Amino acid sequence: YAQLFMNDDFFLDIHDSGVGSTIVFTHGWTDNRNAWDGVITNLNNQARCIAWSIRGHGESFAPPPGHYTRDHTLSDLKAITERSEEKVILAGHSLGGYLSLAHSLLYPEDVEALILVGAGPGFRKKESIDQWNSSVIESAKKLDLPEGSEATALHTDAWVIDSLSEIKVPTLVIVGEHDKRFRASMSVFEKYLNVKSSVVVEDAGHSVHRKKPLEVANAIKDFLGEISQ
């Protein structure tokens, strides 16, 4: 079922359904929780699925500029994970994967496992950070987005990529065959994380979970079976 959930005086749009291990699904920048609908449907209630829309996305509230930083978004993700009394599995696409990694660093006691879909760990070099941020700011100007909401996708440091080896939970990495930028991240994750499986989905790009929801769901099912043994 869908509902509005309040955190920090702002309402967040969430979908909460199913039973079993809790998977919290976080979408990418400019997307919304509906990006996960096909994956959740194909999981056939094999887990409790909570998908939510980041501030200024989907039906979630669009606060004034200045309320979209990584810290604000991570505060919302923490509130979402607290809907579960048990540890959660964090699933994230693109920005959502980065936020899932950050949450795992901040609250390792909350996290049972990670599912990274077309995701990256950020950047070490200032030049790379500046280049990424410039591309985000430029694209935001062309899109119909709430003012200031692009800040949630901006990088300010190398904290996550420099701390990857601190994350110990089992991890599933999924990427589309044609998603060149984020296929490069797969080897980084395999080097520093406890990656149990890496899945390249054929004939798919960055939005692999939208184009190939059945294949993504099947990879998740296999992963759930592996970590439950």
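Guide: A salt bridge is counted when a side-chain nitrogen of Lys or Arg lies within 4 Å of a carboxyl oxygen of Asp or Glu. The model is predicted, and local features need a pLDDT of at least 70, side-chain atom pairs count only at pLDDT 80 or more, and totals for chains, interfaces and linings use all residues. Residues are numbered from 1 along each chain as its sequence is written, and side-chain values use heavy atoms, with hydrogens and water left out.

The structure holds 12 salt bridges. One of them joins Arg70 to Asp157, with 2.9 Å between the closest N and O atoms. Arg70 belongs to helix α2 (residues 70-81), while Asp157 sits in the loop between α4 (126-142) and α5 (159-162), so this bridge ties together parts 87 residues apart in sequence. Helices (H or I, at least four residues) and strands (E, at least two) are DSSP runs, numbered from the N terminus. With a relative accessible area of 17%, Arg70 is buried, whereas Asp157 is partly exposed at 26%. Here buried means under 20% relative accessible area, exposed means over 50%, and partly exposed lies in between (1.4 Å probe, protein chains only).

Another salt bridge links Lys126 and Asp130, whose closest N and O atoms are 2.6 Å apart. Both residues lie in helix α4, 4 residues apart, which is about one turn of the helix. Lys126 is exposed, at 58% relative accessible area, and Asp130 is partly exposed, at 35%. In a further bridge, Lys211 meets Asp203 with 3.7 Å between the closest N and O atoms. Asp203 is partly exposed, with a relative accessible area of 41%.

Aromatic rings come next. Rings of Phe, Tyr and Trp (its six-membered ring) pair if their centres lie within 6.5 Å; planes under 30 degrees apart are stacked, over 60 edge-to-face, and the rest tilted. This rule gives a count of 2 aromatic pairs. In one, Phe25 and Trp36 are tilted, at 4.9 Å centre to centre and with 50 degrees between their planes. Phe25 lies in strand β3 (residues 22-26) and Trp36 in the loop between β3 and α1 (37-42), so the pair links distant parts of the chain, 11 residues apart. Both Phe25 and Trp36 are buried. Phe123 and Trp132 also form a tilted pair, at 5.7 Å centre to centre and 45 degrees between the planes. Phe123 is partly exposed, at 21% relative accessible area.

A ring may also meet a charge. Lys78 lies over the face of Tyr107, 4.3 Å from the ring centre; the criterion is NZ of Lys or CZ of Arg within 6 Å of the ring centre and within 35 degrees of the ring normal.

Strand β3 also contains Thr22, which counts as buried at 5% relative accessibility. The side chains of Thr22 and Ser84 are joined by a polar contact of 3.5 Å. Such a contact is a pair of N or O atoms within 3.5 Å; within protein, one must be able to donate a hydrogen and the other to accept it, and residues adjacent in sequence count only if both atoms are side-chain atoms.
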